[in-house]
Amino acid sequence: MALHALAYCERLFYLEEVEEIRVADASVYAGRTLHEEIRQDEEERAGEQVSLELSSEHLGLVGRFDSLRHHDGALIPYEHKRGKPRRDGKTPSAWPSDALQVTAYGMLLEEATGQTVREGRVRYHGENITVRVPLDELARKAVLNAVDRARELRASSDRPPVSANDRLCIRCSLAPVCLPEEERLASDPSWEPIRLFPPDRETKTIHVTRHGATVSRAGDTLRVATGKEDVREFPVHDVGAVILHGYPQITTQALHFCARNEIGVHWLSAGGRYVTGIASGTGTVQRRLRQYKALSDESTCLDIARKLVMAKVENLLRYILRATREEGRDIPEIASAIEVLRQSLKRAAHAENLNSLRGHEGVTGRAYFGALSSLIRKDVPESMRFNGRNRRPPRDRFNALLGFGYALLYQNVLQAILAVGLEPSLGFFHTPRSSAHPLVLDVMELFRLPLWDIVLLGSVNRMQWDAEADFQVTKNHVWLSDAGRKKAIELFEKRLEETWKHPVVSYSLSYARLVELEVRLLEKEWSGRPGLFARMRLR
Ligand code: SF4
């Protein structure tokens, strides 16, 4: 299989075999089903369980082939494929990657039996055609060369470039991870990328908000019980993450189950603060080494951080200008914020080091929060107004909502970072001052405004909040009540589902997928083609 991937595209081999990224899309599942059916047929024919796995230290190969036939005393390995054969003119032949694979099986078989194997065969089920692959010197040499090349790639920490043949990418299960079209765009701005990245997330997040609820495992489902009568079950393939708000319980079996199925489990405090989480990503040594090498270099960090800050400031500016299009620009706080943001944009572009960039970002944040209260409609009651940022603990309702939304955002960004295989504690802009992972805080800067601030302001201006029922107010802090938390979660999850057209890659995708896309583009800043991270701008 690895040789097959290598002959198809060196980058595919590297992603699967070196970085250990495997994406099982519909065609991969269909291929597995076909191989399973073939195996069962073989066992029925033989009347016993057959193992067709062979290995050779000398060749450096391990392989499990589909079936074996005897023809006139000769042994012939068979490989089954769902697709169609290659056609040069009218004659069908094996694709080079299939020929390489079946030749390797033949060589393994030869070594195991001591009998010469003169040919292999590939059965293409798409056309019900079997084609022959002669095991001549040329074919054997190709396998040995491929094994050498595979060894070279295994020893390298550099990902090979994307395939020059863009048609291969359309059928490649790793296209959503590899992002070949986006890389082509990064190196050629006139390239018009076709969408190979999924438009929306395929799984849901389960929020467990009830105190006393229990999450357990039942077969292939996660079961959430809040009492004998109230039990809900979620099939494993539908769940991407479980978030426990406050003190619901989760069983050890459910934790194991989630870890095995790459379902993130995250805990938020009753006050809405992100506490911790487990999420098994597909991270491997190479990806983290590349990240460490890149982010240990101050100039690389400055370069990426500048893109991030420019995106943040420009988006804030665009948002304030848009929100005050009809009136409000003469309000002193708004006018001053617009001026500060414009200045920050110019200065950030020329910041000479990270500290000065942090300074510009800090000034921007203060100006934005200074203007925020003026973006709230005048008829919104005082209890729901914003009078400056405060946290840990929040002392008013608006800040309680702001902090809670950011905690949900933190979980989403963390999950995306782990899914891409990056180390969340190694960032490029934020310094590690709290328990929060710096890389998560870095990436969050792109999304605070579009994923939560805009949503929250809209809901406050539409008077969607009940100042009594949605909050628990004490002398020292304000928290969300169960009802308030539910409302905030619904707003946030709805926002994640909304689609947005990315101005650079020019395709629409949900905000949930946008977070993942930006993290993948971030990784390309140091591995592959830089230039596309943090170019998202509000219209
Ligand atoms: S998407 Fe294209 S470049 Fe990337 S691994 Fe697949 S075939 Fe290779």
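**Entry 1: the pocket**

A reminder to myself before anything else: this is a predicted model. I started with the second largest pocket, which holds about 1,500 Å³ of space. I counted 50 residues in the lining of that pocket, and those nearest its centre are Arg389, Arg391, Arg392, Leu441 and Arg448. Next I asked which elements give two or more residues to this lining: they are the strand β16 (274–278) and the helices α11 (298–323), α13 (354–372), α14 (397–420) and α15 (438–461). The largest share is from α14, with nine residues. Sorted by class, I get 23 nonpolar, 15 polar and twelve charged residues in the lining.

**Entry 2: α12 and α13**

Then I went to the helices. I put helix α12 (residues 332–349) against α13 and found that their axes come within 9 Å and cross at roughly 165 degrees. Angles over 145 degrees count as roughly antiparallel, so that is what I call α12 and α13. The crossing of α12 past α13 is left-handed. Who touches whom? On the α12 side I noted Glu333, Ile334, Ala337, Val340, Leu341, Ser344, Arg347 and Ala348, and on the α13 side Leu357, His360, Val363, Thr364, Ala367, Gly370 and Ala371. That contact has nine nonpolar, four polar and two charged residues.

**Entry 3: α14 and α15**

The axes of α14 and α15 are 8 Å apart, at an angle of about 140 degrees. The pair is therefore oblique. I logged the crossing of α14 and α15 as right-handed. In the contact of α14 with α15 I have 20 nonpolar residues, one polar and two charged.

**Entry 4: α15 and α16**

I stayed with α15 and looked at its packing on helix α16 (residues 482–497): about 125 degrees, axes 10 Å apart. α15 and α16 are therefore oblique to each other. α15 passes α16 in a right-handed crossing. From α15 I wrote down Pro450, Leu451, Trp452, Ile454, Val455 and Ser459, and from α16 Ala488, Leu491, Phe492, Arg495 and Leu496. By class, this contact of α15 with α16 comes to nine nonpolar residues, one polar and one charged.

**Entry 5: the cavities**

How many cavities of 30 Å³ or more does a search of the whole structure find? I got three. The largest cavity has a volume of about 110 Å³. I found 14 residues lining the largest cavity, with Cys9, Leu12, Cys169, Cys172 and Cys178 nearest its centre. Elements giving two or more residues to that lining are α2 (10–18), α6 (166–170) and α7 (175–178), and the largest share, three residues, is from α2. The class count for the largest cavity is twelve nonpolar, one polar and one charged.

The second largest cavity has about 60 Å³. I listed its lining as Ile21, Arg159, Val177, Cys178, Arg287, Val420, Arg520, Glu523 and Lys524. Both α7 and α17 (511–524) supply at least two residues of this lining, and α17 gives the most, three. Here I get four nonpolar, no polar and five charged residues.

Note on methods: Residues numbered from 1 in each chain as written. Predicted model: local features only at pLDDT ≥ 70, side-chain atom pairs only at ≥ 80, totals over all residues. Heavy atoms only, no water. 1 Å grid on protein atoms, 1.4 Å probe; cavity = no way out; pocket = protein on both sides within 12 Å on 5 of 7 lines; lining within 4 Å. Points joined across faces, edges and corners; volume = space filled by probe spheres on them. Helix = DSSP H or I, 4+ residues; strand = E, 2+ residues; numbered from the N terminus. Nonpolar A, V, L, I, M, F, W, Y, C, P; charged D, E, K, R; others polar. Axes fitted to C-alpha atoms, helices over the stretch in contact; angles between N-to-C directions. Parallel < 35°, antiparallel > 145°, perpendicular 65-115°, else oblique. Left-handed = near helix turned anticlockwise from the far one by under 90°. Contact = heavy atoms within 4.5 Å.
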